[in-house]
Amino acid sequence: MSSRSELEAMFGLTDRVAVVTGASGALGSAIARALGLAGAKVALVARRAEGLSRVHDALSREGIDALHATADVLSSAELDAVRELVLERWGCVDALVCAAGGNLPAATVPVGGAFRDIPEEAFRSALDANLLGTWLPCQSFADALVAGGGEGAIVTISSMAARRALTRVPAYGAAKAAVESLTRSLAIELAQRHGDRLRVNALAPGFFVGAQNRALLLDDAGRPTARGAAILAHTPAGRFGEPGEIGGAAVWLCSPASRFVTGTVIAVDGGFGAFSGV
């Protein structure tokens with residue numbers, strides 16, 4: 001085997017099947033695209049049909065074999081139905097990326113407000129969207145990922161807020177810290193059952209501008225808000241991330257190149273997590 005062929009075998013995803021939840025969002029769609037460009041067949045999952053259809057059409061125009069299915073990641077029954085749809089279409093599942101979740105406006109401390117201003121229901125909703133919305137897909141797809149003696153990978157999505165407190169988003173930070181703990185617990189549980197045949201890792205994005213956080217990071221003219229400017233000042237790379245930049249790390253964690261990697265959290269943050277601010 002040539003060195004180029006060996007490299008492609010290590011990092012390529014040809015003939016593999018990946019399921020991406022939250023696939024209509026900025027990061028979820030970018031991850032789905034990267035997996036597809038690496039050769040994977042991609043199942044796109046999200047609640048809103050319109051956004052999901054746009055992502056599916058965009059991937060199809062690039063020659064990526066994809067299907068899309070609307071489902072709520074808080075519904076085991078809907079997730080099970082997606083799993084059966086994927087198995088009927090392609091016969092297997094090799095990777096699961098849990099990209100659904102994110103911060104909720106109602107769970108954000110208002111400008112000039114206090115944490116007690118967040119309604120209990122909003123706090124619970126943020127926990128459910130991120131933690132339960134990761135747990136339930138893992139439950140639904142775990143057995144399929146190792147069915148027939150294959151090897152599988154699960155990638156969860158954490159955040160800079162999981163390890164370093166960020167103002168105004170206590171519910172989101174708590175939920176993502178729980179996702180990291182869940183990732184490590186699942187990595188151990190599944191390794192004890194399946195050895196290196198099923199790995200579980202997390203990606204911790206830095207600051208990427210998306211629909212959920214645009215108003216926090218940019219003003220109406222596209223200039224950084226005071227919060228956005230503070231983030232950039234503490235990001236050695238000096239800019240916000242581009243959605244496509246999360247995709248390469250996801251491809252690696254889903255590929256054979258990461259067979260001995262499990263229970264880790266990979267930061268894709270422009271150095272934010274490493275910088276003390278001094």
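**Entry 1: the largest pocket**

I sorted the residues that line the largest pocket by class and got 26 nonpolar, 16 polar and six charged. For the classes I took Ala, Val, Leu, Ile, Met, Phe, Trp, Tyr, Cys and Pro as nonpolar, Asp, Glu, Lys and Arg as charged, and the others, Gly among them, as polar.

I note that the model is predicted: local features need pLDDT of at least 70, side-chain atom pairs count only at pLDDT 80 or more, and totals for chains, interfaces and linings use all residues. Residues are numbered from 1 along each chain as its sequence is written, and side-chain values use heavy atoms, with hydrogens and water left out.

I looked up the volume of the largest pocket, which is about 1200 Å³. A pocket here is an open set of points on a 1 Å grid over the protein atoms alone, where a 1.4 Å probe fits, with protein on both sides within 12 Å along at least five of seven lines; lining residues have an atom within 4 Å of a point. Grid points are joined across faces, edges and corners, and a volume is the space filled by probe spheres set on the points.

Of the 48 lining residues, A99, G101, G102, N103 and Q212 are the closest to the centre of the largest pocket. The elements giving two or more residues to this lining are α2 (26–37), β2 (41–46), α5, α6 (170–194), α7 (214–217) and α8 (226–233). I took helices (H or I, at least four residues) and strands (E, at least two) as DSSP runs, numbered from the N terminus.

**Entry 2: the second largest pocket**

The second largest pocket holds about 210 Å³ of space. I listed its lining as W135, C138, Q139, A142, D143, I154, L186, E189, L190, R193 and H194. Two or more of these residues come from each of α5 and α6. By class, the lining has six nonpolar, two polar and three charged residues.

**Entry 3: α5 and α6**

I then checked how α5 and α6 pack: their axes come within 8 Å and cross at roughly 20°. Axes are lines fitted to C-alpha atoms, for helices over the stretch in contact, and angles run from 0 to 180 degrees between N-to-C directions. That makes α5 roughly parallel to α6, a term for angles under 35 degrees. The crossing of α5 and α6 is right-handed, that is, the near helix is turned clockwise from the far one by less than a right angle.

For contact I used heavy atoms within 4.5 Å. Among the residues of this contact are F123, W135 and C138 of α5 and P170, Y172 and L186 of α6. The contact of α5 with α6 has 15 nonpolar, two polar and one charged residues.

**Entry 4: α4 and α5**

Next I took helix α4 (residues 76–90) and helix α5 (residues 120–145), whose axes come within 9 Å and cross at roughly 30°. This makes α4 roughly parallel to α5. Their crossing is right-handed. S76, L79, D80, V82 and R83 of α4 meet L136, P137, S140, F141 and A144 of α5. I counted six nonpolar, two polar and two charged residues in this contact.

**Entry 5: α2 and α9**

Last, I looked at α2 and helix α9 (residues 247–254), which pack at an angle of about 55° with their axes 8 Å apart. α2 and α9 are therefore oblique to each other. α2 passes α9 in a right-handed crossing. The contact is between A30, I31, A34 and L35 of α2 and G247, A250, V251 and C254 of α9.

Methods. Angles under 35 degrees count as roughly parallel, over 145 as roughly antiparallel, 65 to 115 as roughly perpendicular and the rest as oblique.
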